Amino acid sequence: MPAEPRPALPLRRRLPPVVALLLLAPWAAECSWGGFAIDDFLPVLIFLGPMYGGAAILIRETARHLGAGWPTIVLLAAAFGALQAGLVDQSLFNPDFLDDTQYADTRAAAEATLVPGLEFSLRQAFDYVGNHIVLTICAPIVLIESFLGPDRRLRPWLGRPGLVVVGVLYLLGSLLIFSDSSGRKDFLASPLQLAFAAAVVLALVATALLPRWRRPSPRRPRRVPHPLWVGLLVVLVRFGSDLTPGWAGVAFALGLAAVVGATIAYWSSGVRWGQRHVLVAGCASLVTAAAFAYLVPPYSPASPAAALAGDIAVTVITVALVGGAWWRSSEGRRPATTLAATPLSREPRSG
């Protein structure tokens, strides 16, 4: 028998996590790894919040309305990464995209893995799309959900009117970046490149919406490691992707990511898999990025004091967020779900 529909939560309880995700996504995407000094944090939230935050909300709400799990979120996050880098700011196809930043010296490494005909770097594609998956989308979603109780963690926050508002916000934010000279940098990809990016986005979205991701997987009595071991495995992907340059390095990075993803999916079907495992798997890359923020320069030159203040702020914010989410997602509060699918929740009718 279908589950009884649960009453919709009042708007005052559903809006705070929406606003939090709207602000956290752009900060995680651009500030958490040291990309901006502290005096640029607020402009990042204002100008990039509608695009990054809007995408994170739409992806999270799509998965939760469908009763789908993290595979759907990850695939939609990859679609967003391809959309952002291929069609919006078109950084994937623009060889000069980083030339006016302090990362101009990465151009040679990127050109070592150019795909013939399409003229984009597979190395950059892995980095751009991968960072959008783990930093822009997954880490903010898992953090906000971990702060909520198990009865709210997997439920939709917005109904159709709210989703329309967020969708318009996302489109306006993306249009702002596309039309701004500092966003797309007056570059326009070729029709073939645009068609390729659009095809990748559509393929990822279609895969994410397959019914198989909505079927709850049975819990099995298999051994599940401590959450910190799960995080260590995720960190290995981040470091392992930089071990070897060129095509061999990209192939190794893709293979390592696939193995780690399959291992985590296997563990997630164990009866002892809890929200803390999900939290650590989703935030390990964020914690690693924050730890190394002190060693990387911001996009634009900044005073040493502003850069250091930004790095310290990143540390404080990351520790507070992850520590608070760890405390809130205690084992006694975990939902009994796997990564594959979550129980279907009735969507709220307003908001």
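Which residues make the nonpolar surface patch of about 690 Å²? In this predicted model, the patch is made by Phe239, Phe292, Tyr294, Leu295, Leu308, Ile312 and Val316. Helix α12, which covers residues 304-328, contributes the largest share of the nonpolar patch, namely 3 residues. Leu295, another of the residues that make the patch, is found in the loop between α11 (275-291) and α12, and with a relative accessible area of 66% this leucine is exposed.

As to the overall architecture, the chain has 12 helices and 0 strands, so that from the N terminus on its elements run α-α-α-α-α-α-α-α-α-α-α-α. For 351 residues, a compact globule would have a radius of gyration near 20 Å, and the 20 Å computed for the chain agrees with this expectation. The C-alpha trace spans about 55 × 45 × 45 Å along its principal axes, and 50% of the 351 residues count as buried. Within helix α12 lies Gly323, which is partly exposed at a relative accessible area of 39%; Gly323 and Leu66 are 257 residues apart in sequence and 30 Å apart in space, taken from C-alpha to C-alpha.

The structure holds 9 aromatic pairs, one of which is formed by Trp33 and Tyr299 in an edge-to-face arrangement, with 5.4 Å from centre to centre and 90 degrees between the planes. Because Trp33 lies in the loop between α1 (11-30) and α2 (41-66) whereas Tyr299 lies in the loop between α11 and α12, this pair ties together parts that are 266 residues apart in sequence. The two partners fall on either side of the 20% limit below which a residue counts as buried: Trp33 is buried, with a relative accessible area of 19%, while Tyr299 is partly exposed, with a relative accessible area of 22%.

The charged end of Arg212 sits over the ring of Trp213, at 4.6 Å from its centre, and the charged end of Arg222 sits over the ring of Tyr266, at 3.8 Å from its centre.

A salt bridge of 2.8 Å, N to O, is formed by the side chains of Asp96 and Arg107. Since Asp96 lies in the loop between α3 (70-88) and α4 (107-111) and Arg107 in helix α4, the pair ties together parts that are 11 residues apart in sequence. Asp96 is partly exposed, with a relative accessible area of 41%, and Arg107 is partly exposed as well, with a relative accessible area of 29%.

Arg107 also forms a salt bridge with Glu111, in which the closest N and O atoms are 3.1 Å apart. Glu111 and Arg107 are separated by about one helical turn, because they are 4 residues apart in helix α4, and Glu111 counts as partly exposed at 40% relative accessibility. Elsewhere, salt bridges that share partners join Arg60, Glu61, Arg64 and Glu145 into one network.

Notes. Residues numbered from 1 in each chain as written. Predicted model: local features only at pLDDT ≥ 70, side-chain atom pairs only at ≥ 80, totals over all residues. Heavy atoms only, no water. Patch = residues over 30% accessible without salt bridge, like charges linked within 9 Å, V, L, I, M, F, W, Y side chains within 5 Å. Areas by Shrake-Rupley, 256 points an atom, 1.4 Å probe, with all protein chains shown as cover. Salt bridge = Lys/Arg side-chain N within 4 Å of Asp/Glu carboxyl O. Helix = DSSP H or I, 4+ residues; strand = E, 2+ residues; numbered from the N terminus. Buried < 20%, exposed > 50% of the residue type's maximum accessible area, 1.4 Å probe, protein only. Phe/Tyr/Trp six-rings, centres within 6.5 Å; stacked < 30°, edge-to-face > 60°. Lys NZ or Arg CZ within 6 Å of the ring centre and 35° of its normal. Rg over C-alpha atoms; globule rule 2.2 N^0.38 Å.
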